[in-house]
Amino acid sequence: MGKPQPWALVAAHLQTSGRGRLTRSWQVPAGSAVTMSMTLPLPADGTTWGWAPLFVGDAVRGALVDVLGDKGVGRVGTKWPNDLLVRDPDGTWRKVGGILCQMTRSADGTPLVVAGVGLNVSQEREELPVETATSLRCAGYDIRREAVIEAVAARVMASAVTWGRASRHEVAALRKRMRDHCLTIGADVDIHTPDGAVHRRCATGIDDEGRLEAVPLGEQADSPNRMAYSVADIVHARLHRSDDLRTGQ
């Protein structure tokens, strides 16, 4: 994006070297997806900065509900820490997009976050990279890519304004809204850690630092064995079953 400055937006028609979390690469056919980055000012309260990908993700979820209308109600959700899911016609939740946030500063030292958004819009099934992915078209929605870009930009920038001005009470309300729409909470999750281990846990919540809270299967949310996982602690947090989740919004 060149020299970062607040409220900049760049959208690409063709993405040949997209970068995801942990430097994973990806590419999409020309004009078939939303690939965009927005530079947003961060609030003065640095203790909330870790929530950037979660707030952005929930704003993008809201944008998808906006463009899908009544047909999208109950069929769009987020997955901790940075994925967007939609429910396919067969009832399975699949990944339709993702978020990547990177902290930076403007030339005058203003703290910023560059929020990258990727959403599959019109790809056919054979154009998707993995079986667990989908596109809006595959999910049954014929939506113009430009309409998605407009909705995402409007929702994300409005959310950034609200976040930047929010009191502690209002930040708590933003966190609650995100938690309400996160499909990971209440689901069994396979947590892959950097040492190669896989831990199956029940996700019970997201704490105020943005970490995923989880307990061994069969234990209560307040179990003494509850763990809080930050994004840095994990390689993957995969839903054990994507066809048995609570309804999205």
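**Close-up views of a predicted model**

**Figure 1. A cis peptide bond in a loop.** Pro81 sits in the loop that runs between β5 (76-79) and β6 (83-87). The structure shown is a predicted model. The peptide bond leading from Trp80 to Pro81 is cis, and its omega is near 5°.

**Figure 2. Confidence along the chain.** The mean pLDDT of the chain is 91, and 91% of the residues score at least 70. Strand β2 (residues 15-19) has the lowest confidence, with a mean of 57. Strand β11 (residues 212-216) has the highest, at 97. Where pLDDT is low, the predicted coordinates should not be read in detail.

Figure 3. Trp7 belongs to the segment before β1 (8-12). Its phi is positive, about 70°, although Trp7 is not a glycine. Trp7 counts as partly exposed because its relative accessibility is 39%.

Figure 4. Helix α1 covers residues 52-68, which makes 17 residues. From the first C-alpha to the last, α1 reaches 24 Å, close to the 24 Å expected at 1.5 Å a residue. Of the 17 residues in α1, 14 are buried, so the helix is mostly covered. Just after α1 comes Gly69, with a positive phi of about 65°.

**Figure 5. The largest nonpolar core.** This core holds 56 residues. Val60, Val117, Leu119, Val152 and Ile206 have the most contacts inside it. The element that gives the most to this core is α1, with ten residues. In soluble globular proteins, nonpolar side chains tend to be buried together. Leaving aside residues up to four places away in sequence, the residues that Val117 touches include Val56, Val60 and Val152. Also among them are Val34, Met36 and Met38, together with Gly98 and Ile99.

Figure 6. Ala44 lies in the loop between β4 (33-41) and α1. Is Ala44 buried or exposed? Ala44 counts as exposed because its relative accessibility is 85%. Ala44 and Pro111 are 67 residues apart in sequence, while their C-alpha atoms are 8.7 Å apart in space.

**Figure 7. Cysteines without a disulfide.** How many disulfides does a search of the whole structure find? The search finds zero. The closest cysteine sulfur to that of Cys101 belongs to Cys182 and is 15 Å away, which is too far for a bond. Cys182 is likewise in no disulfide, as its nearest cysteine sulfur, in Cys202, is 12 Å away. For comparison, the cut-off for a disulfide is a pair of cysteine sulfur atoms within 2.5 Å. Cys182 has a relative accessible area of 0% and is therefore buried. Cys101, at 21% relative accessibility, counts as partly exposed.

**Figure 8. Strand β11 and its two neighbours.** β11 is mostly covered, with five of its five residues buried. Strand β10 (residues 198-206) and β11 run antiparallel and are joined by five bridges. Within this pairing, Arg201 has Pro216 in β11 as its bridge partner. β10 and β11 form a hairpin, and five residues lie between them. Gly210, in the turn of the hairpin, has a positive phi of about 85°. β11 is also joined to strand β12 (residues 227-229), by three bridges, and these two strands run antiparallel. Here Ala214 stands opposite Met227 in β12. In a regular strand the side chains alternate between the two faces of the sheet.

Note on methods:
Residues numbered from 1 in each chain as written. Predicted model: local features only at pLDDT ≥ 70, side-chain atom pairs only at ≥ 80, totals over all residues. Heavy atoms only, no water. Helix = DSSP H or I, 4+ residues; strand = E, 2+ residues; numbered from the N terminus. Expected span 1.5 Å × (residues − 1). Buried < 20%, exposed > 50% of the residue type's maximum accessible area, 1.4 Å probe, protein only. pLDDT = per-residue confidence, 0-100. Core = buried A, V, L, I, M, F, W, Y, C linked by side-chain atoms within 4.5 Å. Contact = heavy atoms within 4.5 Å. Pairing = 2+ DSSP bridges.
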